[in-house]
Amino acid sequence: MTTSAPPPGESSSPTEETSPPESPPRGWTDVRFRWINLLLLVPLVSILPFLFNSEEPTLAGLPFFYWFQLLVIPVGILCTVAVHRLTRHVDEEGEQ
Amino acid sequence: MNGTQTVELVIFVALFVAVAVMGFMASRWRRATDLEHLDEWGLGGRRFGSWVTWFLLGGDLYTAYTFVAIPALLFSSGALGFYAVPYTIIAFPLVMLPLLRLWSVSRVHGYVTPADFVRGRYDSPLLALLIAITGIVATMPYIALQLAGLEAVLRTIGLNGTGFWGHAPLFIAFVVLAAYTYQSGLRAPALIAVVKDLLIYLVILVAIIYLPLKLGGWGAIFDAGQAKLSQPSPATGQPAGSILLTANNQLQYATLALGSALALFLYPHSVTGVLSSQSRSTIRRNMAALPAYSFLLALLALLGYVAIAAGVKPIVNGSTGRADTNTIVPVLFDNQFPSWFAGIAFAAIGIGALVPAAIMSIAAANLWTRNIYKEFIRRDATPRDEARQAKLASLVVKVGAVLFIVLIDPQFSVDLQLIGGVIILMTLPAVAIALYTRWFHRWALVAGWVAGLAWGMYLLYGIVNPNTGRHFGGSALALDKLSFFGWAPWDGSKVQIYVGFVALILNLVVAAVGTLVLRALGTPEGRDHTATSDYHATRVPESTTPEAVTSV
């Protein structure tokens, strides 16, 4: 996941003609961190079963364990859509 | 075979033949000038928009695994089988950003496979070869799972022969699949995936509304599930499972979901689906929308409990002589639906197994052609040679899948996919992490791959199927079995964990330590053929041929 901004010095990367072969970049490669991207981690709540491993309260006969995870599905979709809509201008600039 | 089964068989065969005809005709769809080119045969010309990509990725991901293996796991083990739901909930958000980077860099450099990327990034055909072999081998048990699903349907219809020739109907279906994949390439499954999804939606909607109503509602279904799962199993004397997780399988639940999610887009077939889409926006839209399938997956998974409530008895497989839990959903449909609708449902499951099998074999064939044949066997291969090689390789991969199903017999068919997951996860450092940083040394990645894979296979070998006593019986490891040169930090613990997760951690540790050592020794790191700006590129440059890599 994106966890860090690129180090300031790490901008030019080797191209076929110029770079010395022994020193490829070792830092992050053009990682563009945005806070909004952290929304993509919200669905991870569904792999923490100690939070929801119980029968009560039931919903329409489904134990909590099951309907809670069903509920995370739309939440995850909303988070992903939010990230998509708030960052898509970056892609569309090049796509006219 | 009785009258009901005859109706089912006729409808199944009719739909199967219709789909096969579509598969052969697909080579004319959005026809390119020349199908004898790998980009055309293996990536459908790279021109699939959002809708086709949706069906293609959905066809990839929601398969016999969803319809047969996961319900069978809930039927036998209870809540643990529901891990497939968090798996598909977390997978798409987690991988969206890395996949966008992979799409961009692949477009700029003309990469078709994950191994192409590794070769360019690390200047190492050897590392690329390892990634390619891993992808091909990991795909085989996953295709084998599709075969298990298809076979469950055929045996329920009554084609339950004994001995080796009892597998004959399965082989026939598979040969038809192989033929139209050979003919039409990726266009065939992309076109059929649309039909498959329509059939599946229809069946699921009927099943999840009609069956619970008929069986007294979800409350009664869960009560029946709990009552049966809490009975001690004859093999172990322990309760078979529970409708909630226990203290011992919560860690397994989390690591199965996370491990499967991380593995998903390392599989060559998922990468093929992504790279054949036409833009970054196509990928973004799909990553947001694909979790909608998770709803269907969750409801299908619960059919495992519905089958318990309906008193379903798994069919005894005529060839192995053992009860085959893969048949529980087909038997449920057979018992509860009118025969004509059961026939449609069986066709949906069967076609749902064949579409991903086709896509997986095409992706594995791309790997063979690009990263092994062209790299090591015939460097001057023409595009025509490449396309022919890929077609032949797609046949070989299918044979490999058949071997897997013959040689490996885990307790649950889902373990076929999970064993594939252990294998493919070993490419995570070289493929996924490399999309973000080139910090790891290429030889350290090789060392991590060797260590992780060897240990993972050793651990899998040690897991014995309680019903048959054979090795490779599952993918869950009790922590007390973990020992490091005699030191067993969790001695006596019954807590279980997914083997793939353990092996991946070893892989990362070895790769990190190896990187520090190799760098201290000043070992050459090779040239990075990708440029920093490639990872966010939205346009495709005119010339997209891969560069030559000289050093090994």
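The model is predicted, so local features are described only at a pLDDT of at least 70 and side-chain atom pairs only at 80 or more, whereas totals for chains, interfaces and linings use all residues. Residues are numbered from 1 along each chain as its sequence is written, and chains are lettered from A and ligands numbered from 1 in the order in which they are written.

Confidence is a friendly place to begin. For the complex, the predictor gives an ipTM of 0.83 and a pTM of 0.86. Each residue also has a pLDDT, the predictor's confidence on a scale from 0 to 100. Chain A has an average of 73, with 69% of the residues scoring at least 70. Over residues 1-22 of chain A the pLDDT stays under 50, and the model has 36 contacts for them beyond four places in sequence; two residues are in contact if their C-beta atoms, placed from the backbone, lie within 7 Å. Chain B has a mean pLDDT of 83, and 91% of its residues reach 70 or more.

The two chains meet through 50 residues of chain A and 51 residues of chain B. On the chain A side, 25 of these residues are nonpolar, 17 polar and eight charged. Here Ala, Val, Leu, Ile, Met, Phe, Trp, Tyr, Cys and Pro count as nonpolar, Asp, Glu, Lys and Arg as charged, and the others, Gly among them, as polar.

Within chain B, helix H11 (residues 250-264) packs against helix H19 (residues 414-425) at an angle of about 60°, with the axes 9 Å apart. Helices are DSSP runs (H or I, at least four residues) and strands likewise (E, at least two), numbered from the N terminus. Axes are lines fitted to C-alpha atoms, for helices over the stretch in contact, and angles run from 0 to 180 degrees between N-to-C directions. The angle makes H11(B) oblique to H19(B), a class for whatever is not roughly parallel (under 35 degrees), roughly antiparallel (over 145) or roughly perpendicular (65 to 115). At this contact, Gly259(B), Ser260(B), Leu262(B) and Ala263(B) of H11(B) meet Gly421(B), Ile424(B) and Leu425(B) of H19(B). These residues comprise four nonpolar, three polar and no charged.
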